[in-house]
Amino acid sequence: MDASRSDVLILGGGVIGLACAYYLRKSGATVRVLEQGTPGCGSSHGNCGTITPSHAAPLAMPGMLGVALRSMLRADAPLYLNPRFDGPRLRWLLGFARHCNWRDFQHAAQARSAILQHSRRLLEVLVHDEHLDCEFGHEGELYVYRTPRALQDDERHHAELLDRLGVEVQRWRSDEVEAREPALKPGVAGGLYHPGDARLRPDRFVAELARRVVELGGDIETGARIDQLGVKDGRIDHVRTSRGVFSGDRVVMALGAWSPLLGKQLGLRLPMQPGKGYSLTYTRPQLAPRHALVLREASVCVTTWASGYRLGSTMEFSGYVEGLNRTRLDALRRGAAQGLREPEGAQLLEEWWGWRPMSMDEVPIIGPSSRWSNLMLATAHGMLGVSMSAATGELVASLMRGENPAIDPAPYAPARFGV
């Protein structure tokens, strides 16, 4: 028996790759995960850890292209488009613009909602049944508004959309918000509360998921940078890495924002761009929020755990430019200071950035490749990788077994992009 061969070879050890490994291993397949760093070291590490059926709406809607173009003049805008010329980014932006209409908006929202709601249910079962120590909590998420206009806009678009999708959202008056969330400064206009949302500590969740994959008999190769994909007869024959050569009967590409770069070796044009996000992690402040919060005007997400506290969000399209942007971190601090009595913990533990894998239509790309017979894709989850992870892993495992999945796989199929 070839020790380097598995039933399924998974490229990428972030939350999506590990969820695929978990559900495939539970189905009886032998799995090997190839990760260039350590499990979850990319965007799975420093995100806010919210599990959000409430985030069904995509960014792409009428008028959003104008917002993106105007953002080029403000480096601290919540959504920032770097004005530097970049051919692939420009092509992605033009494709994104074509989806900024209400028909595509509704289609994307329905697809995102289906996988988000199913994954929310699966995640709670997974954490409970596998005893994953990741500070899972289901206090819900609260959107906080300081201006009546912002609240009215979201009541009209965001809340009414969730009503149509069957996702519960509660309208709270200003006095209700301030009474239930004393960490907020006074002057709140109102809030939208999402009782079905949850939160966990993402770095711990990924570490626990990796632990269970290994305990179940899966292999995780760390420090395995992928150098070359060997192909033969319309299949991926082997994967050459810095740790050796590996092969699998089936291959899952779960490389997040790296997917289009590696996809080029296979002649795949994945319509994706990295959306750079940032976070600041602190020790827990004395007056910490009771709920996960979104401070809407500032577009700042706030998550509290027993072990810490995180400010995050923002979306920066700068291509594959690495490193921290101090302007973006300062915007997080300012936004938190506008809304919270104690916006920062006593000790700053980590400043972080990561690339979110953004598809042109903001629907993940999950399913068999139309070009390579043994390739399955599981990528392009945008800002929702943790939220969609369990349902993605289950869907990949079901498709590989030839079973009818719990959710309709058609909206996520790579074939819609000819890949």
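Predicted model: local features only at pLDDT ≥ 70, side-chain atom pairs only at ≥ 80, totals over all residues.
Helix α1 is mostly covered, α5 and α6 cross at roughly 60°, and H131 and E362 each have a positive phi without being glycines.

**Helix α1**
- α1 runs over residues 15-26, so to speak a twelve-residue helix, and spans 16 Å from first C-alpha to last, close to the 16 Å expected at 1.5 Å a residue.
- Ten of the twelve residues in α1 are buried.
- The buried set is V15, I16, G17, L18, A19, C20, A21, Y22, Y23 and L24.
- Just after α1 comes G28, with a positive phi of about 105°.

**Helix α8**
- α8 covers residues 202-215, which gives it 14 residues.
- From its first C-alpha to its last, α8 reaches 20 Å, close to the 20 Å expected at 1.5 Å a residue.
- Its buried residues are P202, F205, V206, E208, L209, A210, R212 and V213.
- G217 follows α8, and its phi is positive too, near 105°.

**How α5 and α6 meet**
- Two packed helices are described by the angle between their axes and the distance between the axes.
- For α5 (residues 102-129) and α6 (residues 148-165), the axes come within 11 Å and cross at roughly 60°.
- An angle of 65 to 115 degrees would count as roughly perpendicular and one under 35 degrees as roughly parallel, so α5 and α6 are oblique to each other.
- The crossing of α5 past α6 is right-handed.
- On the α5 side, the contact uses W102, F105, Q106, A109, Q110, S113 and Q117.
- On the α6 side, the partners are H157, L161, R164 and L165.
- Sorted by type, the residues of this contact come out as five nonpolar, five polar and one charged.

**Positive phi outside glycine**
- H131 is not a glycine, yet it has a positive phi of about 55°.
- You'll find H131 in the loop between α5 and β5 (141-145).
- H131 counts as exposed because its relative accessibility is 65%, and the cut-off for exposed is over 50%.
- E362 isn't a glycine either, and its phi is positive at about 65°.
- Look for E362 in the loop between β17 (348-359) and β18 (365-368).

Technical notes
Residues numbered from 1 in each chain as written. Heavy atoms only, no water. Helix = DSSP H or I, 4+ residues; strand = E, 2+ residues; numbered from the N terminus. Buried < 20%, exposed > 50% of the residue type's maximum accessible area, 1.4 Å probe, protein only. Axes fitted to C-alpha atoms, helices over the stretch in contact; angles between N-to-C directions. Parallel < 35°, antiparallel > 145°, perpendicular 65-115°, else oblique. Left-handed = near helix turned anticlockwise from the far one by under 90°. Contact = heavy atoms within 4.5 Å. Nonpolar A, V, L, I, M, F, W, Y, C, P; charged D, E, K, R; others polar.
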